[in-house]
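This report covers strand pairing and nonpolar cores. The sequence and model come first.

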Amino acid sequence: MRFFVRRLGVLFYRLLGVAAAVILFLTAAQLFAHRHAQFYPDYPMTDLSAILEQDRLSEEDYETLFLQTGLGKAGVDDLLSLGQPGKDQILDTQTAFFAKTATDCGSLGITTREDHVVDGDGNITYACPMAPVEEGDVFLSFSTHTLGWRHGHAGVVVDAANGRTLEAVLIGYDAATASVSHWSCYSTFLHLRVKDITPEEQEAIADYAMAHLDGVPYHLTSGVLGPDKVQDPDADSFGAQCAYLVWYALYQGAGYDTDSDGGRIVTVGDLAESPLFEIVQVYGLDPRSFG
């Protein structure tokens, strides 16, 4: 009997040790994931009114607007085409770009978490106004992390008129559409557009994504297993993780290979570094990193 009780005691302390190790690891992973704070400009906020009153902007003007608002040339031009409301939004975007915000690291599954902007009551809220979107636009965020690794998240615009993106979110869930506006709730996001893309190509990307990728299961190894990176969307084994889904939609829909390193694994970082994209808008990330 004593031997049995002793063995139970040893097993209990071993389990306690394992639990403590797991807690310590998860805590360390969280600290590691947040070792880099959300970007806030370390340069002064300047008056943009003189620039916005000009009929034509110079490259220097676009650079100033980019540093002050996070809006790239495409985003600025889209807003200026709206007249005074667009100019007002540029100024509102500048205010939000410089504003210090609170963030919350919320759970997404067992080991994955996401950083969102929150209001004074701790409720998830919008970080900043968003530039107009077009079909085939790509959204990226580095606010999603698993066990300390900021792998990020990606989505592709499939219905600009109604503000919908197609996304593969999490293991166990099929790809589905979501509101574009939720990207502005992340502590970081990138809005990208293929340079010199035509309206026909934009429509082709959106149509292909909805016809072949909407509802596919989440596969972490998509593009890795099998003889070819470009897998058959009609195969029973087909699936996609978020970055692969975006890459696949642009590649199959309009022939754009936006995987910057050309490897079998497509990551959010690979998409962010693709020279085929121009920046429409960036938030929570240093715009000087994308020069």
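## Terms and basis

Two strands pair if DSSP finds at least two bridges between them. Helices (H or I, at least four residues) and strands (E, at least two) are DSSP runs, numbered from the N terminus.

This is a predicted model, in which local features need pLDDT of at least 70 and side-chain atom pairs count only at pLDDT 80 or more, while totals for chains, interfaces and linings use all residues. Residues are numbered from 1 along each chain as its sequence is written, and side-chain values use heavy atoms, with hydrogens and water left out.

## Strand 2 and its partners

Strand 1 (residues 102–107) pairs with strand 2 in the antiparallel sense over 6 bridges. T103 has V117 in strand 2 as its bridge partner. The hairpin of these strands has 4 residues between them, and G109 there takes a positive phi near 90°.

Strand 2 also runs antiparallel to strand 4 (residues 144–146), joined by 3 bridges. Here R113 stands opposite H145 in strand 4. Because 6 of the 7 residues of strand 2 (residues 112–118) are buried (under 20% relative accessible area, 1.4 Å probe, protein chains only), strand 2 is largely enclosed by the rest of the structure.

## Nonpolar cores

A nonpolar core is a set of buried Ala, Val, Leu, Ile, Met, Phe, Trp, Tyr and Cys residues joined through side-chain atoms within 4.5 Å. The largest has 39 residues, and L140, V156, L213, L245, L250 and L271 have the most contacts inside it. Helix 7 gives the largest share of this core, 9 residues. Apart from it lies another core, of 18 residues, among them Y43, F98, V117 and V133.

Conventions: Buried means under 20% relative accessible area, exposed over 50%, partly exposed in between (1.4 Å probe, protein chains only).
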